[in-house]
Structure formats: C-alpha cells, structure tokens
Amino acid sequence: MEILVCVKRVPTVGGAITLTADRRAIDTRMSGFTISPHEECAVEEAVRLVERFGGSVTVATLGPAAAEEQLRACLALGAAAAVLLETEPGVEVGPIATAAALHSVATGTAGTTGTAAGGGFDLVLLGNEASDTGDYQVGIRLAHLLGWPAATGIKALSVDDAGISASASRTYRGVLETFALELPCVVTVKEGINLPRYPSLPGRLRAKRAAITRVPGPVGASGGAATSGGVDEPARDVRMTSLLVPDAPKKQAIVLGRGAEAVPALVNVLVELGVVS
C-alpha cells in the first residue's frame, strides 16, 4: 500500500507567539515549529497501515526551506520518502493553491523522483485542519482535484484485508457516522484516532541521512496560474497584510471578604448561580 501524508509547518501548539517588528512574520527566536497534532496522527496511521499491508509512506509539505525539519521528523517516525514543495520566503499560500500543489505530488506531476514520481497512491491522509489557520479545506479540495471519494474529521480508520476499501468513522453531534470508501481515497483525521509513537534513535539517524526531494517553484505557489491535472487554480489565493496576536483573556478575582464576614456574599453568589435557592 502506497500512502501519501500531507503535513504543514506550524508554530508549536501552546507556545508563546511573538511577532517581528513589521508584524508580518513570527519571531522564531521565541517560538519553535512542528506539525499539527492532527497530522502527527495522520503520519502514525499511515505507518501502521504500511506495517500491516507493506508498501511505503511518503510525506509532503508546501512551505519554506525550513520545513525540511518537519519532514525529517516524519521520516524518523517511519515514513520512507519526503517531498518539499518549496515556497519563496514570505509567500503566503492559501488552501486553493495548497491543494493544487499537493495534487501535483499525488499524481506524480511535481517533478519528483522515487515513490512519488508516478503517483499511484492508494490513500492520501491529511490532518483535519492545520493548527495555525484552521481552514478545514485542503483535504476536500485535494479530493475534488483528484476525483476521489473523501471523508473528513475521522477518528477511526480501517482497511479491508484485500486493500480494496476503507471504513472511516467519526462522531458528529453525538451520532456515530461510518463511511465506506473505495480506494484510492482521501481521508482527513483528527487527533485521538491513535497515539503517535516517539521516534526511535535508529529512526532519527536514518532521517538525518535521508534525501529529501525538493521541488522549486511548486505549482500554486509561484507566479502565474497553477495547472494541476487540467485544472487551473489561482497562484495565490490569499495575501497577508499583517499578523495579530489576540489579547489573552483577562482574569479578574473578586474578594468576597475574609472569614465569617464573607459567608453572606458567598451565599449570594451561589444563589445567582442557581446552586442553592
């Protein structure tokens, strides 16, 4: 089974975000980068399927040269090949162009070598949404370009013994939904579908030496229109004007009193909350 996992370089979840003076970039001196938690689970799910069926996992990302770090982290977890669709510094790429660029990898038209050269993937996995932009669009747009069935927000995924079809489940508004999908297909997974493994020392060493396929001027991130599989997409569907870090919610504590004198005020609060009557 050949599986493509699409990942994205994002600021570390939970880390403090500091912007540069021009408010157009994140100050990397104060924050690290990683892949989204959903995508960590997508990589783990792909590795588990390959351990069962054989084949290989290819990871791909659209981003700056520094995104090589995230690809090597995926290689350390068990991926066999990595493709970096390298964007120009400062270029902002939205979900439409991102899907077009990833489509070129999935179909083997991105000028890649090795596993990704001829496409031929049985399954494409993505995180349900990136932790920085939360677009919820790339997986669906990619499936549309490929003409493949898709399921999103998946928390359980299984493939039949013959490797012909997949069963994907999610819970929506308290109702369990299960989808039967013929391979090849696109699935976006959510955190909790599995528990991602830690990279082993041999895996880290192997990833450090592994060759990463770099594709300059990727489809959908350079000038002009993106043509992918006969479908024209705008080169840049978003333009960044400035970044803004939202103000942290302010916490305010009210002292009701001290000792026994605070009891009446406490009772009044409990009455307002409906705890006592």
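Trainee: Where is serine 36 found?

Mentor: Serine 36 sits in the loop between strand S3 (33–35) and helix H1 (37–53). Helices (H or I, at least four residues) and strands (E, at least two) are DSSP runs, numbered from the N terminus. A word on the source: this is a predicted model, where local features need pLDDT of at least 70. Residues are numbered from 1 along each chain, and side-chain values use heavy atoms, without hydrogens and water.

Trainee: Why is serine 36 called buried?

Mentor: Buried means under 20% relative accessible area, exposed over 50%, partly exposed in between (1.4 Å probe, protein chains only). Serine 36 has 0% relative accessibility, so it counts as buried.

Trainee: What does serine 36 touch, not counting residues up to four places away in sequence?

Mentor: With contact meaning heavy atoms within 4.5 Å, its partners are Lys8, Val10, Glu129, Ala130 and Ser131. Lysine 8 is 28 residues apart from serine 36 in sequence, yet 7.1 Å apart in space, C-alpha to C-alpha.

Trainee: Is cysteine 6 buried or exposed?

Mentor: Cysteine 6 has a relative accessible area of 3%, so it is buried. Cysteine 185, at 0%, is therefore buried too.

Trainee: What makes S8 and S9 a pair?

Mentor: Two strands pair if DSSP finds at least two bridges between them. S8 and strand S9 (residues 165–172) have four bridges, in the antiparallel sense.

Trainee: Which residue in S9 is the bridge partner of leucine 157?

Mentor: That is alanine 168.

Key: This is a predicted model: local features need pLDDT of at least 70, side-chain atom pairs count only at pLDDT 80 or more; totals for chains, interfaces and linings use all residues.
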